Structures are given as C-alpha cells and as structure tokens.
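Welcome! Let's take a friendly tour of a protein model, one topic at a time.

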Amino acid sequence: MGQISSFLEPIDYGVIIGYLILLVGFGYYISFIKNKKTDASYFVAGNTLGWTSIGLNMWGTNVGPSMLIASASIGFTTGIVAGNFAWYAFVFILLLAVVFSPRYLGANVVTLPEFMGKRFGDSTRNILAWYTLITILISWLSLTLFAGGILVQQLLDMPMYLSVILMVILSGFFAAAGGLKAIAYTNVFQMLLLIGVSLLLVILGINKAGGIEHIYNSTPGSYWNLFLPADDSNYPWTAIILGYPIMGVWFWCTDQSMVQSILGAKNLKQGQLGANFIGWLKILDVPLFILPGIVCFVLFPELQNPDEAYMTMVTQLFPVGLRGLIIVVLIAALISTIGSALNSLSTVFTMDVYVKKYRPDAAQKRIVKTGRLVTLFGSILAVLITLAINSIKGLNLFDIFQSILGFIAPPMSVVFLFGVLWKKTSTKAVNLVLTLGTVLSLGVGVLYLWVFPNGEYPWPHFLLLSFYIFVALCVMVVAISLADKTVQENHDELLTINPKARPDKQVKLLWVLLTIVMVLLYIFFNGH
C-alpha cells in the first residue's frame, strides 16, 4: 500500500534487504554445507520438555506476525471482544491438562493420529493423517501465507498473487532444502522481539494518545466489553459462549502443532504446569496484540482498512531504521511459520501416507526426495487456496481467520471428545464423522464464504454455524455407535486415568488461581 511504504526510508529498506540476505545465506550454509550429508535430519523429532519450555513453545506457536496483524485489525474494529479467543481459551487449556494429557501421555504416543489409532484402529489413524494434511494446508499454511501476502502487499504495493508467490518461494526454499533449521535458531529471538515490539508500540501509542483514560473516553463503551448483546452483528455473546468451545477443543486439545509440546513433557506434572503457564501467558494477548488496534482507532480514526492498523502504528510511531528492523522480523517470522507448515505437511504425507502405506522399504534418500516434492506441490496448492481466501468479501482479516478455523474444528472436536469420554463410541461412527462430517463442515464453510457469501445472504454467525454442525455430528456419533453391533475392543486401560496421575496440590492451586483471575477479568471487562 502506497501510504505505508511511503513512510519507509532508504535505511529501512537497507535493513530489510540486509537481514534477508543474512538469513538466506545462513540457511544456505546450514542446508548445503554444514549438513550436506545429514539427510536423516530432514525430519526432526522433539525433545523432552519442562513446564517453562512447554508454555513458551505453545505460546510461540500460537503467537506470530499473522496474529499481530489480525488482532490489531479486530481491535480497531470492535475493541476487546476478540479477547475471548485468548481468555476463554483457559477453559480448554484446562481440559487439555486434566482430561486429555493424562491419556495422551499414559498411551506413550508421539502423535495424536497414533493415539486415535490405538483407540479405533489403523483405519481411523489413516483418515486422521489425511485430515491433518487438510488442517495444516488450510489453517497453518494458507492462512499464514495470506497474512504474509497482506504484509508484503502493504509494503511494496504489489498484487496479492505476487506477494503470495514471493512469500512461498522464500519459505519453500528453507523447507525444501532443510534450511528451516537455520530459521529455528533465530525463532526464540524473533518471538521475543515481536513481543517487545508490541509492548513498545502500546507504550508509545498510549503516550501519544494522552493516556489510558483518554483512550477509554475516546472509544465506544462496547470496545471494553468481552460480551456484546445477542443482537450484535460482529460477536454476539451467544456466538462466543456456544461457538468458541468447538474451536477451543479442536485447537488446544486435538491439534498436533499445539499438543506436541505436551506430548514431549518430561512427565505429566510438567505437562500440566506447562499448560497452566500458557494460560497465564494468554492473558497478555489482549494488551499486547489487541490494544494496539484500539489505540490506532483513537490516533488514526480516518484509517480506511482495519487490516493496516498494526503497520500504520509501526510506521507512524517508530523511528527510521527501527521500522525496517521490525518489518523484516515480521517477514522472517512469517517465513518461518510458513516453512514450518510446509515441513509438517511434507512430514505427515511422506511418513504417514507414502512410507507407511506405499513404500515401507524406501531408502532415506528416496524419502527425503519425496518430502521435497510434496513441499513443492504443497506450495502450489497453498498459493491457490490463499488466492481463494483473498477473494472472500465482507470480512476483515481476523474474522476470515476465525471463520475458516470454525469450519475446520467440528469433526475433530467431536471425534476426540467422544473417543476419550465415551467408551461406546464405535470405529464406524468416528470414521464417518471424519469423512462425511468433514465434507459437511467444509461444504457449509464454502457456501458461507464463497458461494452465498455472508452479508449478501442471511446466515447465522459463523461461530453459531460451527456449533450447529458440532451438535449434528454429535447426534451422528451417538446414533451410529448405538446402532453398530460390532463388538468394540476394551479400551479401559487407554481411556482410564491412573489415580497416581491425577493433578497434585501445586497443579490444582495454580489452576484455581488462574480461574479466579480469569473470572475477575470477565467481570471487570463488562458493563461499560
């Protein structure tokens, strides 16, 4: 976008180009020189983690440049109501800690498809592998690529398709070559810098706007309410209360990318403490990521496109040189996230589909070559999906993200909740939910977003649609399971939590404290 790029000086572009050259050079060195003969390191396993690493890893996975841009956008438009997606999450993180984690760790599994394979058999595990590919392709790859395309579009004033192709070429280079490891070395630094930037942005913005009280008095009262009226067009409280749990269960309890840190815990207590830690860290999402959008609303009310709120704050409030550094860190972090998604897509297909089903005797070089071809194909497919997302009308960036995730979530939430909590759930039921249920859920999403777009047609809120689909799939699971006369294998050992694995006093105390804090926050941020 012209007006944003016009605020960048030659020194800013110099910083951007220099940083990217160093990053590419570092990636080339790690990929082709230092690790030239270590094909086995192409697919990398996780390490044993303590509670601090678990919390920071989960938060780092959840927090990224796309979140900064999207959260500032919704903050500019509606205030802190989107904070529900961060604060309401503690309920489902608690569910992960006390309901799912003991069973996952007790089963001694590395992946969630492996767990469900133990519960329902290889057919379910195979279907889940494909489902995982779909979710990685859409939720982690295409949506992040879309956010990156918007950022590059704003900076260079180029068409979205060129922005997306540029991002995927850079990301694909690292993922296909193995240079993703190089970016991984800088991930912690980049995440801390992003958090520091957001904090500095908030401080500078509040000072420029005349303080918190002036910001509060300069915005509608609804901007400071977590629950809006049931007839609100943006986020009615009914949609939040009923619809977000579907997304919350899927994202926090069943998504491999999020749960991986828990699976790598030293022991259950460390996993439960790590989950509690990210619950505290999620409190920071509102002041660090949504508040900049509200401050932008006060400082720059004439801004036409809310998706430009974050970059407008950066270019207007930061000095020359620092603007370039922040922008290049945003770009590098996006490249890292996109590269990670490409790597995950390649790994799941190559190991869980190609090797497991078709070529179990494949040599390591053949496996790595296949993985790189999958990365190339995934990149092309992701570009096409991203351009389709860009054609969605009537929604801002944050709403696009959440609506797409809302249509992905119901099948997985149903399968894992019933698979873990109801012993009578049958293999036939979960397989039909994962196949027909996914077609139903994604089909409704396509109708809602593209065929009969919301705004032109009288749809319910997308979170309510997610809830309705969830209820329908629950009915499907119960009906099919009760009608299925196949003798189900006894899974008491897999599904029953060992009494010795129940939360100890320290874990319980910390969760009680977090619950009290969250309740107080919900009381304080309502009634304005």
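Let's begin with a helix and its neighbours. The cover over the buried residues of α23 includes α5 (84-87), α6 (89-106) and α14 (268-281), where covering rests on contact, meaning heavy atoms within 4.5 Å. This is a predicted model: local features need pLDDT of at least 70, side-chain atom pairs count only at pLDDT 80 or more, and totals for chains, interfaces and linings use all residues. Residues are numbered from 1 along each chain as its sequence is written, and side-chain values use heavy atoms, with hydrogens and water left out.

**Helix α23**

- Helix α23 spans residues 505-524, and its 20 residues reach 29 Å from the first C-alpha to the last, close to the 28 Å expected at 1.5 Å a residue. That expected span is 1.5 Å times one less than the number of residues. Helices here are DSSP runs (H or I, at least four residues), numbered from the N terminus.
- Val507, Trp511, Leu514, Met518, Leu521 and Tyr522 are the buried residues of α23. They cover an arc of only 95° around the axis, so they sit on the same side of α23; the arc is taken from the directions from the helix axis to the C-beta atoms.
- Lys505, Leu509, Leu520, Ile523 and Phe524 are exposed on the other side of α23. Buried means under 20% relative accessible area, exposed over 50%, and partly exposed in between (1.4 Å probe, protein chains only).

**Aromatic pairs**

- The structure holds 25 aromatic pairs. Rings of Phe, Tyr and Trp (its six-membered ring) pair if their centres lie within 6.5 Å; planes under 30 degrees apart count as stacked, over 60 as edge-to-face and the rest as tilted.
- Tryptophan 140 and phenylalanine 251 are stacked, because their ring centres are 6.1 Å apart and their planes are at 25°. This pair links distant parts of the chain, with tryptophan 140 in helix α8 (residues 122-156) and phenylalanine 251 in helix α12 (residues 237-254), 111 residues apart.
- Tryptophan 140 counts as buried at 15% relative accessibility, and phenylalanine 251 counts as buried at 13%.
- Phenylalanine 452 and tyrosine 457 form an edge-to-face pair, 5.2 Å centre to centre with 75° between the planes. Phenylalanine 452 counts as partly exposed at 37% relative accessibility, as does tyrosine 457 at 39%.

**The nonpolar core**

- Trp87 and Trp252 touch the most other members of the largest nonpolar core, which has 174 residues. Such a core is a set of buried Ala, Val, Leu, Ile, Met, Phe, Trp, Tyr and Cys residues joined through side-chain atoms within 4.5 Å.

Definitions and conventions
Helices (H or I, at least four residues) and strands (E, at least two) are DSSP runs, numbered from the N terminus.
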